[in-house]
Amino acid sequence: ATCSPSISEIVTSAMKAAVLIQRWYRRYMARLEMRRRYTWNIFQSIEYAGEQDQLQLSSFFTFMLDNFTQLNGNGPDLISQLLDPVVDPWLDRETCYNLIHVPESYTGPRLSFPLSVADTNALLSAFKDQQTLHARYVLQLLYETKKLLKQMPNIVHLSTSYYKEITICGDLHGRLDDLLLIFYKNGLPSAETPYVFNGDFVDRGKKSVEVVILLFAFLLLYPDYMHLNRGNHEDHIMNLREVWKREVMQKYKTHGREILQLFQDVFSLLPIATVIDGKILIVHGGISDQTDLDFLSSIERHKTKRTRSTDSSRPSSSRSQNKNQRTPNTRKKRCRLSRQDSAASTSSSSSSSSSLCSPRTPSCLSPHAFPSSPCMPYSVNVLQVPFLDSLSSIPLPSPSQHEQEWKQIVDILWSDPKIQDGCSPNTFRGGGCYFGPDVTQRLLLQHGLQLLIRSHECKQEGYEFCHNGKVITIFSASNYYEEGSNRGAYVKLGRELVPRFYQFVCVCRVRAAEGSALRALKEKLFAHHSELMVGFQQYDQNNTGRVSVCEWALVLESVLRLDLPWRTLRPHLARLAPDGSLEYQSCFEDMGPGIPLPQVTPNLAETLFRYRTDIEIIFNIIDKDHSGLISIEEFRQTWRLFSAHLGVAIDDSAIDDLARSIDFNKDGSIDFTEFLEAFRVVHKLDSKDQQLHEKMDGEKRTG
């Protein structure tokens with residue numbers, strides 16, 4: 001007969017099982033958290049890399065704009081309109097919207113000014129039903145908003161003595177659902193529910209137009225209870241990104257150009273800071289060791305449509321010299337201009353506040369020094385500037401009289417807090433600075449403040465404390481990178497000025513976010529194929545196609561500069577050989593070009609893959625009528641500007657061959673959408689999966 005287990009044995013077995021389950025669960029949660037963290041790091045690194053590229057492009061355009069009149073008359077028409085387009089005389093008439101006919105068939109809101117609660121309710125209902133506000137009312141709303149903002153100060157002062165609570169919201173980035181959810185949970189703007197929205201209303205999301213129209217409408221309805229700060233995405237160069245421009249032009253095909261231009265005017269008039277009870281400072285990005293609120297109160301903010309700095313005396317954040325660079329040192333080596341490393345070209349001051357990526361001169365507009373005598377040090381007094389197809393010599397420009405204003409606004413809109421004391425250039429974004437706890441404490445004491453609230457950075461929980469509780473980051477766009485990537489949040493302040501946080505609950509699906517992040521990272525690898533291969537082959541002297549995992553990680557970081565945990569990511573990016581070495585060609589196996597063009601050389605194709613966004617921005621500037629078409633000559637000008645910006649030496653014959661190959665109907669015009677589609681990275685595994693699903697669907701239908 002078998003003996004039944006004793007109670008003690010049963011308890012012991014149950015305890016062992018519980019310990020095993022607990023151990024397994026803890027390991028599972030640790031792996032899940034590891035995946036969550038590297039997914040987050042990938043998204044954030046790639047996002048900031050894109051911002052840095054745009055800021056360097058902005059610096060290039062600004063330099064050309066500041067100096068084009070000195071370029072011996074060589075093509076000023078192109079450069080003079082890069083950043084300051086000619087204002088349409090039609091837009092100068094403030095009642096121009098009255099000339100736009102609203103057809104009887106239009107079923108959307110018909111606004112009357114001054115706005116009423118019925119108008120804002122109509123807008124809310126229309127946008128929930130996917131309706132679009134007619135261009136006539138958009139233009140009138142923007143004109144009314146512009147008139148109101150002109151009367152407002154740079155820094156708005158609020159008092160909780162008039163309100164029960166004030167709600168502060170962070171970045172929305174075109175997420176209409178998040179805005180509607182905030183209004184649903186917290187209440188619509190009113191005397192009982194005042195709001196401060198802290199910038200970055202547009203870009204990235206698909207409903208930026210609706211978001212900003214609602215915010216402006218409530219601002220007009222309740223100017224004392226609705227307050228808007230400017231963000232770094234309320235900026236001309238940032239708005240040239242295809243996401244925002246495409247949305248406006250798709251929704252307003254007839255008057256899109258005028259609407260875009262008027263939006264830019266309104267954005268430049270937004271206040272740059274809000275102060276509550278003289279104790280709480282609210283700015284979009286942050287501060288620096290040079291931030292002066294009294295000075296910021298006195299500047300003419302509407303002149304700052306482009307948030308760029310022109311200070312060559314600050315420590316350089318040039319990407320070729322910094323740890324966080326995202327393009328290799330070979331970029332400047334390819335520049336056609338010789339560079340002298342003189343003290344004047346790399347001078348610095350005791351200030352550690354920021355400048356935009358690329359200091360006074362862009363990466364390939366470098367001072368060309370001429371020695372005054374064989375024994376005298378080099379002096380920099382002339383720039384050799386690549387302009388279209390020639391070089392022009394111009395004297396170094398004198399510092400702008402508004403230089404300090406640019407610095408102050410750039411720091412307010414672009415800066416991020418850091419753990420360490422001090423203030424240093426924000427090389428990760430390419431603009432603004434990193435400010436430490438000591439900088440925060442100094443500014444708070446100087447102005448009698450007790451708390452800084454800022455946005456600008458996506459946080460997984462929607463908010464975050466730092467600097468000993470003196471700085472709060474609030475971010476209100478949930479699922480910012482991908483579904484499940486982060487919560488959104490807003491913060492409420494009552495008369496006691498104690499912050500209370502409210503989060504949006506979202507389903508946390510790590511797998512979906514992880515897959516999207518890895519796709520974006522693989523596209524980065526593909527766009528830097530040749531440089532990565534050169535790096536791998538330096539370690540692979542015998543051409544085995546293999547390197548160690550350590551060597552592979554070193555090459556990736558030296559080329560991409562994304563500061564990611566490459567060894568952890570290795571199973572998702574590359575394959576190991578049986579002996580434990582890594583087959584580096586496997587990094588690129590499941591990716592390929594969109595539409596192969598046989599006339600395009602591999603080097604040119606890779607350059608176009610890598611700088612696709614920069615080319616889009618230049619094209620959008622040249623495409624004045626927003627038709628999506630440019631002439632072959634305009635395409636050549638686009639490329640020459642782009643080549644001058646990056647110092648990418650590609651001869652004109654290669655560009656001409658490329659232009660002819662994408663002029664499919666031979667009418668002398670290029671459809672730029674088709675051109676960009678040809679230089680889009682295609683994931684081959686995704687294509688195979690799609691073909692498999694289509695085949696299975698076809699079998700089901702015929703079965």
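1. Asparagine 154 sits in the loop between α5 (135–150) and β1 (155–158). Helices here are DSSP runs of H or I with at least four residues, strands are E runs of at least two, and both are numbered from the N terminus. The model is predicted: local features need pLDDT of at least 70, side-chain atom pairs count only at pLDDT 80 or more, and totals for chains, interfaces and linings use all residues. Residues are numbered from 1 along each chain as its sequence is written, and side-chain values use heavy atoms, with hydrogens and water left out.

2. Asparagine 154 counts as buried because its relative accessible area is 6%. Buried means under 20% relative accessible area, exposed over 50%, and partly exposed in between (1.4 Å probe, protein chains only). Its side chain has a polar atom 2.8 Å from the backbone oxygen of leucine 296. The side chain of asparagine 154 also makes a polar contact with the side chain of arginine 301, at 2.8 Å. A polar contact is a pair of N or O atoms within 3.5 Å; within protein, one must be able to donate a hydrogen and the other to accept it, and residues adjacent in sequence count only if both atoms are side-chain atoms. Not counting residues up to four places away in sequence, asparagine 154 touches residues including Pro271, Ile272, Ala273, Leu296 and Arg301. Contact means heavy atoms within 4.5 Å.

3. Histidine 456 is placed in the loop between β14 (451–454) and β15 (463–466). With 4% relative accessibility, histidine 456 is buried. Its side chain reaches the backbone oxygen of tryptophan 414 at 3.0 Å. Histidine 284 is 172 residues away along the chain, yet the two C-alpha atoms are separated by 6.0 Å. Leaving out residues up to four places away in sequence, histidine 456 touches Asp171, Asn232, His284, Gly285, Leu413, Trp414, Ser415, Asp416 and Arg429.

4. Leucine 452 is in strand β14. Leucine 452 is buried, at 1% relative accessible area. Beyond its neighbours within four places in sequence, leucine 452 contacts Leu281, Val283, Ile287, Phe435, Leu444, Lys470, Val471 and Ile472. Valine 275 is 177 residues from leucine 452 in sequence and 9.4 Å from it in space, C-alpha to C-alpha.

5. Asparagine 186 belongs to helix α6. It is buried, with 11% relative accessibility. Its side chain makes a polar contact of 2.9 Å with the side chain of threonine 167. Apart from neighbours within four places in sequence, asparagine 186 is in contact with Thr167, Thr193, Tyr195, Tyr490 and Lys492.

6. Next, helix packing. The axes of α6 (residues 176–186) and α7 (residues 208–221) come within 9 Å and cross at roughly 35°. Axes are lines fitted to C-alpha atoms, for helices over the stretch in contact, and angles run from 0 to 180 degrees between N-to-C directions. This crossing of α6 and α7 is left-handed. A crossing is left-handed if the near helix is turned anticlockwise from the far one by less than a right angle, and right-handed if clockwise. The contact uses Leu176, Leu179, Leu180 and Phe183 of α6, and Glu210, Val211, Leu214, Leu215 and Phe218 of α7. By class, that is eight nonpolar, no polar and one charged residues. Ala, Val, Leu, Ile, Met, Phe, Trp, Tyr, Cys and Pro count as nonpolar, Asp, Glu, Lys and Arg as charged, and the others, Gly among them, as polar.

7. Helices α16 (residues 529–539) and α17 (residues 549–560) have axes that come within 9 Å and cross at roughly 145°. Here the crossing is right-handed. Among the contact residues are Leu532, Gly535 and Phe536 of α16, and Trp552, Leu554 and Val559 of α17. The α16–α17 contact has eight nonpolar, one polar and two charged residues.

8. An unreviewed UniProt entry lists "domain: EF-hand" at residues 527–562, 610–645 and 650–685. Such positions are given in the numbering used here, feature names are shortened, and annotations may be inferred rather than shown by experiment. In the model, the span 527–562 is 67% helix and 6% strand, and its end C-alpha atoms lie 14 Å apart.

9. Backbone points to check. Most residues other than glycine have a negative phi, and most peptide bonds are trans. A cis peptide bond joins phenylalanine 113 and proline 114, with omega about 0°. Arginine 204, not a glycine, has a positive phi of about 80°. Asparagine 479, also not a glycine, has a positive phi of about 50°.
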